[in-house]
Amino acid sequence: MFPNFSNLGHPPFPSKHQQQSNLSNILPINIPPTLLSHQQTVVPPLNFRTAVLSRALLSGNLAATPTVTSTATLQPMTYGNVSPVSISGALTSFQGRKRQNEQSVSYNVKRQRINSQNSDTTVVNQPVPLAEERRHSFPGPISIQSPPFLARGSPALARCVPPLQDTLFLDPTEARLPLAKDELSQQVLELFQACRQQASDLDRKELCRTELQREIQLIFPQSRLYLVGSSLNGFGTRSSDADLCLVVQEEPVNQKTEARRILSLVQKLFSTKLSSYIERPQLIRAKVPIVKFRDKVSSYVEFDLNVNNVVGIRNTFLLRTYAFIENRVRPLVLVIKKWASFHEINDASRGTLSSYSLVLMVLHYLQTLPEPILPSLQKNYPECFDPTMQLHLVHQAPCTIPPYISKNGSSLGDLLIGFFKYYATEFDWSHQMISVREAKAIPRPDGIEWRNKFICVEEPFDGTNTARAVHEKQKFDMIRGEFTQAWRVLRDKKDLKCILPLRADEMKR
């Protein structure tokens with residue numbers, strides 16, 4: 001049911017008994033080649049030639065590959081002679097928190113992402129047939145030491161992902177999309193099929209994640225790099241940015257000190273050694289700091305990289321489970337995200353709703369119908385979504401969850417109209433909080449975080465307000481007005497183009 005679920009977009013931590021608890025027992029950095037388990041496969045290091053070739057193969061345009069000298073092709077990167085990234089000197093910081101939204105990206109850049117097969121699945125991290133000794137050995141000694149504070153509680157070094165045959169999920173090509181029972185439902189399906197993230201889009205992001213993890217591990221050998229957010233949770237579009245989470249330890253990291261220090265080193269690495277295929281790395285000193293950059297290898301995808309945002313990893317797999325247990329969820333979410341973006345109410349940096357909040361609002365609506373279309377996964381399967389579960393198990397837990405069979409046979413068109421009606425006329429914004437965890441609207445808490453907030457959407461794991469960016473009444477009134485207008489128009493016209501008049505080229509972004 002879920003595509004390549006157990007091994008997609010992340011490197012699993014080793015099991016608990018493999019993890020080391022103190023500095024003296026941590027795996028030495030300068031170890032000789034050592035045999036590993038059958039699930040650990042070392043991928044050859046990246047150099048610029050292999051990166052460019054990978055891009056050409058993914059895009060199908062091998063002829064466009066630039067000529068690289070034979071020296072570059074015959075000299076693979078070695079781990080023993082890498083110069084460490086300097087941690088001294090002033091590090092450049094950049095101001096601003098606004099992520100480049102979908103409208104601000106040029107058409108030419110986005111069109112690079114369209115030339116792919118109309119498929120939902122992707123094959124990532126598939127082991128390359130190598131000689132046995134190459135498949136089961138570490139690379140040579142690494143000369144770069146990680147900062148001492150990263151050592152405590154960090155797991156032993158493991159660089160790879162289980163092979164694809166370990167997955168328990170069906171290929172999504174076997175999972176059929178819902179039937180269109182009316183014209184509005186057909187429009188929703190057509191927009192979904194045109195805009196949804198394709199296998200080649202995810203391949204490019206996964207290629208970048210794999211190679212960046214290898215490079216970052218030269219500075220922080222015990223770290224892992226996870227692909228999170230809409231790229232992996234099933235609700236991504238062709239133009240979705242990619243979110244990466246760098247995990248240096250399972251314990252929390254101080255975002256104001258340790259996280260900024262780590263990201264400063266990563267930003268310096270990107271600006272120097274990786275400048276040939278990383279463009280414009282910027283350190284954004286926000287509440288949760290990030291490094292924002294573009295990857296030249298994967299058709300200029302925008303990336304945001306954070307440190308130890310463990311909640312982001314957990315909710316990625318929770319949302320991914322919701323996305324695939326009922327086949328009406330993904331088309332409905334994508335169309336609502338497109339609608340909100342078109343009407344400029346989908347940008348937390350400008351005081352409106354984040355995409356994450358919008359997704360939770362859709363899931364909540366589907367849970368609160370007289371005949372629910374979605375359950376509360378956290379209540380029905382608490383062992384699968386335990387917030388204390390170790391990270392290396394998070395991606396495996398949802399594998400046993402079956403599809404949800406709802407008695408509600410509403411069409412996509414009816415559900416879309418019902419979504420707007422619910423938030424325009426039924427939901428009590430002043431006294432209620434949206435809770436996917438409880439699968440119902442619950443009374444607002446009395447805490448400071450919820451006080452004087454116009455929209456309250458509970459984060460399923462840490463209980464924070466994901467809609468806290470909406471702190472101006474003018475913005476709230478605008479958001480609520482758009483919901484009301486969309487409901488009235490769709491109720492009368494039943495034509496998606498009346499609320500989302502996209503051109504043909506815009507539908508493919």
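Start your tour at the open sheet: its 5 strands run in the order E1-E2-E5-E4-E3, with mixed pairing. Keep in mind as you look around that this is a predicted model. Colour strand E1 (224-228) and strand E3 (278-284) to see the edges, where each strand pairs on one side only.

Next, zoom in on E1 and strand E2 (residues 242-247), which pair in the antiparallel sense over 5 bridges. Select Val228 here, and you will find Asp243 of E2 standing opposite.

Helix H8 (residues 258-271) touches E2, E3, strand E4 (290-295) and strand E5 (301-307). The direction of H8 makes about 160° with that of E3. H9 packs on the sheet too, touching E1 and E2, and its direction makes about 45° with that of E1.

Stay with helix H9 (residues 310-325) for a moment. Its 16 residues should span 22 Å at 1.5 Å a residue, and the end C-alpha atoms are 24 Å apart, which agrees. H9 is mostly covered, with 15 of its 16 residues buried.

Move on to the largest nonpolar core, which has 78 residues; Leu366, Leu416, Phe420 and Tyr423 touch the most other members. Apart from it lies another core, of 32 residues, including Leu227, Leu246, Leu274 and Phe293. Click on Leu416: among its contacts beyond four places in sequence are Leu184, Val188 and Ile336.

Finish at Gly481, in helix H15 (residues 473-493). Is Gly481 partly exposed or buried? At 35% relative accessibility, Gly481 counts as partly exposed. Show Ala424 as well: the two C-alpha atoms are 7.9 Å apart in space, though Gly481 and Ala424 are 57 residues apart in sequence.

Conventions. Residues are numbered from 1 along each chain as its sequence is written. This is a predicted model: local features need pLDDT of at least 70, side-chain atom pairs count only at pLDDT 80 or more; totals for chains, interfaces and linings use all residues. Side-chain values use heavy atoms; hydrogens and water are left out. A nonpolar core is a set of buried Ala, Val, Leu, Ile, Met, Phe, Trp, Tyr and Cys residues joined through side-chain atoms within 4.5 Å. Buried means under 20% relative accessible area, exposed over 50%, partly exposed in between (1.4 Å probe, protein chains only). Contact means heavy atoms within 4.5 Å. Helices (H or I, at least four residues) and strands (E, at least two) are DSSP runs, numbered from the N terminus. The expected span of a helix is 1.5 Å times one less than its number of residues. Two strands pair if DSSP finds at least two bridges between them. Axes are lines fitted to C-alpha atoms, for helices over the stretch in contact, and angles run from 0 to 180 degrees between N-to-C directions.
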